[in-house]
Each structure stands twice: as structure tokens, then as C-alpha cells.
Amino acid sequence: MEANKILFITDRYLPSPSSNGACVSKIVNSYQQKENVYVLAFSFGETASIDTNVFYCHYKRKPSPGYNRIFGYCQDDGAVMALFSEACRMIEEKRINTVVCAYRSVECLLAGLKLKKKYKDICVIGYFLDNIFEWSTSSNLKDRIIFLNQKRLLYKLNRSFDSIIALKYYKATFEKMLGTTKKVFYAGLPSLRKCKATLEENQESDPKHIHIVYAGSFYEQCRRPDEILSFMYEVCAVLPEIKIHLYSWGCESLIDAAKERMGHNLDLCGRVTAEEAERAIHSADILLNVGNDLPYAVPGKLFEYFSTGKPIINFCYRRNDGATQDCEKYGNVFNIYSQSDNSVDDCVKFILNRHSVSWDVLQTTFYDSLPEYTANLIMEKGDKHV
């Protein structure tokens, strides 16, 4: 029987991936027969991956305003054609059976539509690592055009693709747009991995300080650091031995203002490599998460945090944001809510009585967030076409 060979089409991959590219890399690395798994990604001029199964189309995305507005009906866009052409070459040369088109970016989906039209016998799967545009009560004409065209695109994908895999957080949106369909399957965020902290990293613990680490980006519109840092300023007044390390980028003016106020309690580490951030996460006493001010979006780093079993201080804009249920299942979390009367004393008790969750419990609780879960789901759908 011919082996099922899989091609992932994504945006930025290793060594400087997008958040979606990082998720794809975890799925790819979970396959036992890695020689049958290939990746096609955009190249933005960074050093390419040394992995011989990773290819780059070397096309910098420059979508026009009109292309953004109508979202997907300019299928001759240069980036779409670059992905399509390179994917055709790989399909024929490598004898690919299954193509997985990761969203975002939308060009990956559009290239997948072209591939399915040309190669009717291969399995094409749309993989939604981001939500399709969420309908709001906005009467803005531009918002309505974007929504209606994305809804049309989703219908077209459902007709053309063999399967669609979406994160479970987006189930309400997909069912609202498509109704019940046998083509759509749901999975967790594929980021739960067994922690590989070394003995040397574990020995870096500092008995004089309590190290709290945040690793990730900040955004003015949906993930700001000012409220959580204001609260942690009060916590540090009770526990001056706390050191908060921000491995972050974005919202620099807010961060600088917090540094001036918090002094030695706040360490600005800036943007670092994924390897450095991972080492910091593993050596921390407590991890800090800032949720999104969006109904469904879940920060990818949250599952990196879960993987360690360490206690997490979690800031929520919404009491029922996308991460709420996962945090409840994890259990080892202290929630701080936006514009609420949060208890400094309770947070101090949480810090002083910190504990860890075992890996056995984690992989049972979050089984559908193991990269292997999604990898097996993709393999299962592709096997039917081999």
C-alpha cells in the first residue's frame, strides 16, 4: 500500500514562525515517519529551516486593499499563485496524497481550492487555526462586505475540500455559518507537549526571589499589559521578592511606564528566540498570562504554560473568554479580572502555596490539544484517499 504523504501549506515557518506556523511545526514533529511529511511556507527573508522537507515559495505577501476587502475572490493574487505553483511541483515530484491548508493566511486556503480543482484524487483539508470573521452588530458597510464574502468563501471551502478541521473554540461560528456538516471536525490547540526542562534548568531556582515569567506579544486593541501590571504592583508591595520577567514586544509605552513605577520588580527582557523563551518558561516559579479581549481567541502560549504544570496567574478581559474552560480544567490558575475588585491577599496566598500539575494528568485532561491528536486526525482523513 502506498504511503500517505502529507503537505502542509502555512505562512511563516521555522526558524521564525508565526503563531500558526509554530502550531504546524508541532504537528509535523509529532509524526513518526517524518520523511513523509512536507511543509510549504512563505519566506520573509529569514534564515531558512535546515529541514530538507521544508520548502519556501519566496514570495512576500502584498495583498491589495481590494483583495483584503473581497477576501478571496481575486484568486490570481501573486501569493496564491506562488503557493499553488510550488505545491503543484511538490505534489508531482513527491507524490503527495494529502494537502493541509492552514488558515491564516487566506492565501493558503485559496491555493488549496486551486489544487483540489486540478488534482481531484488528492485529499485537501482546510485547517482553521484562526476564526473566520465573527459577525457583529456593526452596520459598517466594510464590515458587512468582509463578513458576507468570508461566509461565501467558507461555503465554497465546505463544498470543495474533503474535510475541514477547526479549533473547538470556533465551533459556534462554524455551525452558525454552515449548520451541521459531516466534513467539519474539531480539535484543541495543538500545543501541549511534555516539558523537556533539563536538570541544569531546574537547578537555576533562586531561593531569594519568586520569578514570574510572561512570554509573548502585547496588542493595544486586545491584549494590553497595563491592568495586570498595575495589580501586580500591589502584589509586589506585599511580596517584594517577586521578579516579573517580560519576554515580550508591543505596547512599549505602557511597559516603560510600568517599569518606571515597579523598578527592580519588573525585568524587561524584550523579544527573544523561541528557545530562550522556552528556557525562561521552564525555569520560572510562576507563569503570567494575559488573555484576549475577544470571545473565542486563546493565546497559544497558554498551552505552552500548561505543558509545564506550573501555577499560572491569568488576566481576563472577559469572564467567559476563549480560555476560561481550559483554565478551569487546568485548575492551577489564579484569575484576575479586568475592572474588578481583585484580591491582592488571595493572589499572595496563591503565590506562596504554589504547586505543580503532573504530566499524566495534563495529557489526560487536554488529550485533544496534544499535537499527535491533530496529526492522527489528518492522517485518518488522508488515508481514505491513498
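1. Helix α8 (residues 226-238) and helix α13 (residues 344-352) have axes that come within 10 Å and cross at roughly 65 degrees. Here helices (H or I, at least four residues) and strands (E, at least two) are DSSP runs, numbered from the N terminus. Axes are lines fitted to C-alpha atoms, for helices over the stretch in contact, with angles running from 0 to 180 degrees between N-to-C directions. The two helices, α8 and α13, are therefore roughly perpendicular to each other; angles under 35 degrees count as roughly parallel, over 145 as roughly antiparallel, 65 to 115 as roughly perpendicular and the rest as oblique.

2. This is a predicted model, in which local features need pLDDT of at least 70 and side-chain atom pairs count only at pLDDT 80 or more, while totals for chains, interfaces and linings use all residues. Residues are numbered from 1 along each chain as its sequence is written, and side-chain values use heavy atoms, with hydrogens and water left out.

3. In the contact of α8 with α13 (heavy atoms within 4.5 Å), Phe231, Glu234, Val235 and Val238 of α8 meet Val344, Cys347, Val348 and Ile351 of α13. By class, these residues are 7 nonpolar, no polar and 1 charged. Ala, Val, Leu, Ile, Met, Phe, Trp, Tyr, Cys and Pro count as nonpolar, Asp, Glu, Lys and Arg as charged, and the others, Gly among them, as polar.

4. Helix α8 also packs against helix α9 (residues 252-262), at an angle of about 10 degrees and with the axes 10 Å apart. This pair is therefore roughly parallel. On the α8 side the contact is made by Asp226, Leu229, Ser230, Met232, Tyr233 and Cys236, and on the α9 side by Leu254, Ile255, Ala258, Arg261 and Met262. The contact of α8 with α9 has 8 nonpolar, 1 polar and 2 charged residues.

5. Helix α1 (residues 19-30) and helix α15 (residues 371-383) cross at roughly 75 degrees, their axes coming within 8 Å. That makes α1 roughly perpendicular to α15. Lys26, Ile27 and Ser30 in α1 meet Pro371, Glu372, Thr374, Ala375 and Ile378 in α15. The contact of α1 with α15 divides into 4 nonpolar, 2 polar and 2 charged residues.

6. Most residues other than glycine have a negative phi, and most peptide bonds are trans. Leu14 and Pro15 are joined by a cis peptide bond, with omega about 10 degrees; Pro15 is in the loop between β1 (6-12) and α1. Another cis peptide bond joins Tyr103 and Arg104, with omega about 0 degrees, and Arg104 is in the loop between β4 (98-103) and α4 (106-118). Arg95, although not a glycine, has a positive phi of about 60 degrees; Arg95 lies in the loop between α3 (78-94) and β4.

7. The lining of the second largest pocket includes Lys168, Tyr169, Pro295 and Tyr296, as well as Asp321 and Lys329. By class, the lining has 3 nonpolar, 4 polar and 4 charged residues. A pocket is an open set of points on a 1 Å grid over the protein atoms alone, where a 1.4 Å probe fits, with protein on both sides within 12 Å along at least five of seven lines; lining residues have an atom within 4 Å of a point.
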